[in-house]
Amino acid sequence: TLFRSTITWKDDQGNTIETTKVAEDELPTHAAPVKANTDEYTYTFTGWTPAVVPATADATYQATFSSVKNKYTITFQDWDGTVLQSDMLDYGTPITAPTPNRPAYTFTGWSPAVAATVTGNATYTAQYSFSGNVASVTTTANVTTYYTTWASALSAANSNAGCTLRIYTDITGLSPGQEFNKNMTLDLNGCTLSCSTSSTDPNRFIYVNKVNLILEDSKGGGAIYYEGSGNKNYNAVRVDGSGSLTVNGGTIHSHATNSNSSSAAYAVLLYQGATLNVYGGTLIASHTQSARTASTVYFNGTNTVNVYGGKFKAKNAIFANHSSGVTLRGGYYSVDPTTVTIPTGYSKVDVGNAEPEYAEGYVKKVIKSSCVVTWMNEGGTEMLDEAAVAGGTVPTYTGTTPTKASTAQYTYTHDGWSDT
């Protein structure tokens with residue numbers, strides 16, 4: 001009679017998984033058991049104890065497992081989603097929260113409340129209460145003072161040439177004629193300055209009075225917004241005389257609603273010798289009345305515009321009432337529903353009335369007005385010629401035909417140029 005052994009298979013807790021019969025000297029086998037993972041550990045089957053051997057008698061084998069403590073991602077983020085701290089930590093590790101700081105606000109805690117130890121993935125968001133400070137002024141000596149009103153902040157900025165005026169909350173209901181009379185930087189910091197008025201005097205919201213104003217938007221999404229319902233042209237920003245406006249970020253938007261023929265909207269008005277430099281941001285001019293005018297930049301007298309980037313969106317002309325003074329080296333332009341055509345080199349852009357619809361698709365990138373073309377030898381080690389060429393034209397090499405010394409194996413003939 002064939003001898004058969006009873007083999008008992010148990011889990012690591014001693015519970016019977018299964019019993020099987022095997023013939024004498026047969027090696028018992030069993031599928032690897034699975035141990036359910038927990039929040040704290042992940043388990044992997046490592047074998048049986050004792051080691052499985054050919055059957056000579058009844059035997060019992062118990063499963064063994066290795067364990068690895070699970071890690072989880074613990075993230076702390078600021079109010080705007082900026083990640084302040086993110087760590088992969090073992091289950092059960094005590095959680096240490098950072099100390100966040102939001103200028104002009106008081107930190108009040110985290111949402112949800114921070115757990116004592118790690119029990120799973122978690123994201124905590126900083127909570128703040130508004131301290132009442134709406135803006136700050138940082139001087140050239142890097143001293144920052146906070147202010148509870150826009151008027152007091154602007155007044156302080158106008159006493160500190162070269163300062164940075166930064167806002168921390170949307171400031172609405174301002175009056176027209178907010179005057180800047182010292183060189184400074186205005187950081188919108190993701191917030192909006194806005195004015196809505198029916199007044200016709202003054203008809204400018206931000207007034208750059210013969211000084212240099214740099215517009216920044218460190219957080220993104222900030223704007224200067226001016227809406228006028230009176231019988232007047234409304235200028236979101238007016239720059240006078242020898243003053244300049246440099247736009248690095250943020251949006252400047254002027255919007256008019258009156259049907260009278262004198263009603264118009266200009267994002268920026270340049271007056272008698274002013275300069276506008278645009279590196280980023282967006283300038284928008286819109287009007288609810290189809291027969292009325294809205295242009296991003298309006299010239300009063302001789303002024304200068306240098307565009308290196310940014311976006312311009314207008315109901316009518318991008319640059320209005322000018323015959324010269326505009327240099328375009330970049331940027332995107334939209335006059336809907338007509339795509340603006342930029343002539344080669346220097347450009348004057350004036351497009352007729354169109355409905356105020358600002359589709360991103362109606363854009364055209366501007367070529368550089370003047371380019372320097374350099375002709376190099378094959379290895380790029382020797383300049384053969386250099387010349388200024390109008391943008392949009394094909395350069396022509398006028399120097400001596402390049403040569404390359406022949407070798408014992410090859411003879412070389414110049415056959416063209418590679419654009420690097």
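The legends below walk through several close-up views of this predicted model.

Numbering starts from 1 along each chain as its sequence is written, and side-chain values use heavy atoms, with hydrogens and water left out. Because the model is predicted, local features need pLDDT of at least 70 and side-chain atom pairs count only at pLDDT 80 or more, while totals for chains, interfaces and linings use all residues.

**View 1. The whole chain, for orientation.** The secondary structure comes to 1 helix and 31 strands; helices (H or I, at least four residues) and strands (E, at least two) are DSSP runs, numbered from the N terminus. Of the 420 residues, 41% count as buried, where buried means under 20% relative accessible area, exposed over 50% and partly exposed in between (1.4 Å probe, protein chains only). Among contacts (heavy atoms within 4.5 Å) between residues at least 6 apart in sequence, 55% join residues at least 24 apart. The mean pLDDT, the predictor's confidence in each residue from 0 to 100, is 87 for the chain, and 89% of the residues reach 70 or more. Please read residues 336-367 with care: pLDDT stays under 50 there, and the model has 90 contacts beyond four places in sequence for this stretch.

**View 2. The four-stranded sheet that contains β1 and β2.** Four strands form an open sheet of mixed pairing, in the order β2-β1-β4-β3; two strands pair if DSSP finds at least two bridges between them. At the edges stand β2 (16-23) and β3 (41-49), each with a single partner strand, so one side of each has no neighbour in the sheet. On average, neighbouring strands are turned by 25 degrees against each other, direction ignored. Axes here are lines fitted to C-alpha atoms, for helices over the stretch in contact, and angles run from 0 to 180 degrees between N-to-C directions.

View 3. Strand β1 (residues 4-10) pairs with β2 in the antiparallel sense over 7 bridges. The hairpin has 5 residues between its strands, and G14 in the turn has a positive phi of about 90 degrees.

**View 4. The nine-stranded sheet.** Nine strands form an open sheet with mixed pairing, in the order β10-β9-β11-β13-β16-β19-β22-β25-β28. The edges are β10 and β28 (326-328), each with a single partner strand, so one side of each is left without a neighbour in the sheet. The twist averages 15 degrees from one strand to the next. In the parallel pair β11 and β13, 4 bridges join the strands, and L165 has L186 of β13 as its bridge partner.

**View 5. Strand β9 and its two partners.** A135 is a handy landmark: its bridge partner in β10 is Y147, and its bridge partner in β11 is I167. Both faces of β9 are covered, with A135 and V137 buried on one side and S136 and T138 buried on the other. β9 and β10 form a hairpin with 5 residues between them, where N142 in the turn has a positive phi of about 65 degrees.

**View 6. Helix α1 and its cover.** In α1 (residues 150-157), the buried residues are W150, A153, L154, A156 and A157. They cover an arc of only 160 degrees around the axis, which puts them on the same side of α1; the arc is that of the directions from the helix axis to the C-beta atoms. Their cover includes β9 (135-138), β10 (144-147), β11 (163-167), β12 (178-180), β13 (184-187) and β14 (192-197).

**View 7. Aromatic rings.** Rings of Phe, Tyr and Trp (its six-membered ring) pair if their centres lie within 6.5 Å; planes under 30 degrees apart count as stacked, over 60 as edge-to-face and the rest as tilted. By this rule there are 22 aromatic pairs. The rings of Y226 and Y234 have centres 5.6 Å apart and planes at 75 degrees, so the pair is edge-to-face. Y226 is buried, with a relative accessible area of 0%, and Y234 is buried with a value of 0%. Elsewhere, ring pairs link F76, Y105, F107, W110, Y124, Y128 and F130 into a cluster.
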